[in-house]
Amino acid sequence: MSHDSPRLTRRQAGTLIASLAAGLLRPGAAFAADPANAGDAANPGRWGPPRAFSWEWLVGAARERAARPFEPRQPSASAVPDWDSFVRLTYASAEALTGTVRLFPTRREVAPYAVGIHVVEHGMARELLDTQGLFGADGKADPAGWRVLDPSGRTDWMAFLGASYFRCSGTENRYGLSARGIAVDTGLPGAEEFPAFTDFWIQQHGDDHVVVHALLDGPSLSGAYEIDTRWNVGKDMVQEVRCALFPRRAIQRLGIAPQTSMFLYDQTRADGMPRAHPIGDWRPEVHDSDGLAIWSGNGEHIWRPLHNPQAARMHSFRADHPRAFGLLQRDRHFDHYEDDQLFYDRRPSLWVQPRGDWGTGSVMLYEMASISETVDNIGAFWVSDAPVRAGQRRDMAYRLTWTSADPSTDANAHCANILIGPAGPTDTPPDPATRKYVLDFAGPVLAGLGEGSGVRALSNLPASAILNLQAHPIDGRDARWRVTLDMRVAGLAQKDFRVFLQRGSQALSETVVVTLER
């Protein structure tokens, strides 16, 4: 089933996302010259005539689309039939579209829909009419998406493929989680809708700077996008995004700045409790992201460790006038993963920083049960309180930062580790009605604080559920404190709890939200 169809499932979408990372280290292509000359001698019909292009024109085109009934695209007749063909056409030597940009071919069942490709220079756009020479192995296909290679031609650092998915390889040149242009009705009863980028206008200003404009279309809305990407080599990749959205009909849940990631299991998998999570192999942890961080407008910082639940579930976190949020990979120790092929410790985090005041709303976290690391089972996005109705125009702007640094940390302490096990002494049989949580906090604000400094752990659990709650500095580890919580889970109505460190009236740490659903 296709990404144009509102009946696409999230598991099917995850199959496509896995395609982006598969060729990360495959050899690139010889680079062609600029589009005015690339392939012209051998193929003078490659490019259409130059036409004036601007943001205002693109917004008008999106508005006009939204005024018409949605027209589903038909699969490309030249879509390649299998993975091997896709790899040959994508990664064998071929001409570049422009600069260091290469194309992805359409592929049956995974990415069967062709996209319109245009190259922009000096405010003029030329449409790609003929792809001859632009795919490897002398292959012929329609383009399904595109990627940007580094100057060596051996790796790509940004890619757009399928629906409205895109990603950057971050500080350490490893693909992990993905961004999307928009999310529609994620986690609601019934099918999720996957609007798609149908047309691209690409302008490359250098090896480290690409500006792309895109038209988005789906049954419920159309939109215009500008994504201005800069690669700060060795540091991060930063994208300035703006969009104008035009709903065709009322949308119950419109997710802004959505992200998708994979979380299979972490160190809490073997928690020592009866019926512990059965998933796992020789690797201690397997995930692209390990938590959701939120900076809400009221100054609260939230950290929500991710879980692979037994059934799909949606969580909502109040985030009025949000300052930032994102799915992060905080744990960057190789020996916590021991994977010397996929290197999960090098996967980028993705940090969203709204531009302007987004108003009142919530960050939503979707977690789906999974038994495979090739499926993206995590989603996060922001949803406004304002109803989405047909005929509206919504303008949004935000910055995306793909980085190995933790953008959510500041002078206050952050959660550095969480462990789960049976409550009570270690030499007693585990009691399924109780549970122990151990949370480590680290940060400059804790430096030099000892047992008598007045630091304490606070929780929103009822007193009847708390068997023991203590906070103490870890001996020999300056600026690192441990919270130990023994609690009774049997009969507890709430589905999660919050923990943070406080000294006097000052909060010393972010608030950790721990789910009780296993």
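Which strands are included in what covers the buried residues of helix 2? Among the elements that cover them are strand 10 (196-206), strand 11 (209-217), strand 12 (221-232) and strand 13 (236-247).

The pLDDT averages 91 over the protein, and 90% of the residues score at least 70. Over residues 1-12, however, the pLDDT is below 50, although this stretch has 45 contacts in the model beyond near neighbours in sequence. Residues 14-39 also have a pLDDT below 50, and for this stretch the model shows 86 contacts beyond near neighbours in sequence. Where pLDDT is low, the predicted coordinates should not be read in detail.

Taken as a whole, the protein contains 3 helices and 32 strands, and buried residues make up 58% of its 518 residues. Of the contacts with a separation of 6 or more, 71% are between residues 24 or more positions apart. The protein exposes about 20400 Å², of which carbon and sulfur atoms supply 50%.

Helix 2 spans residues 55-66 and has 12 residues; from its first C-alpha to its last it reaches 17 Å, which is close to the 16 Å expected at 1.5 Å a residue. Its buried residues are Trp 55, Leu 58, Val 59, Gly 60, Ala 61, Ala 62, Arg 65 and Ala 66.

Strands of a sheet pair through backbone hydrogen bonds, either parallel or antiparallel. Two of the pairings in this sheet are set out below.

| Strand pair | Bridges | Direction |
|---|---|---|
| Strand 25 and strand 26 (residues 434-442) | 7 bridges | antiparallel |
| Strand 28 (residues 466-473) and strand 29 (residues 480-488) | 7 bridges | antiparallel |

Individual bridge partners can be named within these pairs. Ile 418 has Leu 439, in strand 26, as its bridge partner, while Pro 473 has Trp 481, in strand 29, as its partner. Strand 28 and strand 29 also form a hairpin, with 6 residues between them, and in the turn Gly 476 has a positive phi of about 80°. In a regular strand the side chains alternate between the two faces of the sheet.

Notes. Residues numbered from 1 in each chain as written. Heavy atoms only, no water. Helix = DSSP H or I, 4+ residues; strand = E, 2+ residues; numbered from the N terminus. Expected span 1.5 Å × (residues − 1). Buried < 20%, exposed > 50% of the residue type's maximum accessible area, 1.4 Å probe, protein only. Contact = heavy atoms within 4.5 Å. Areas by Shrake-Rupley, 256 points an atom, 1.4 Å probe, with all protein chains shown as cover. Pairing = 2+ DSSP bridges. pLDDT = per-residue confidence, 0-100.
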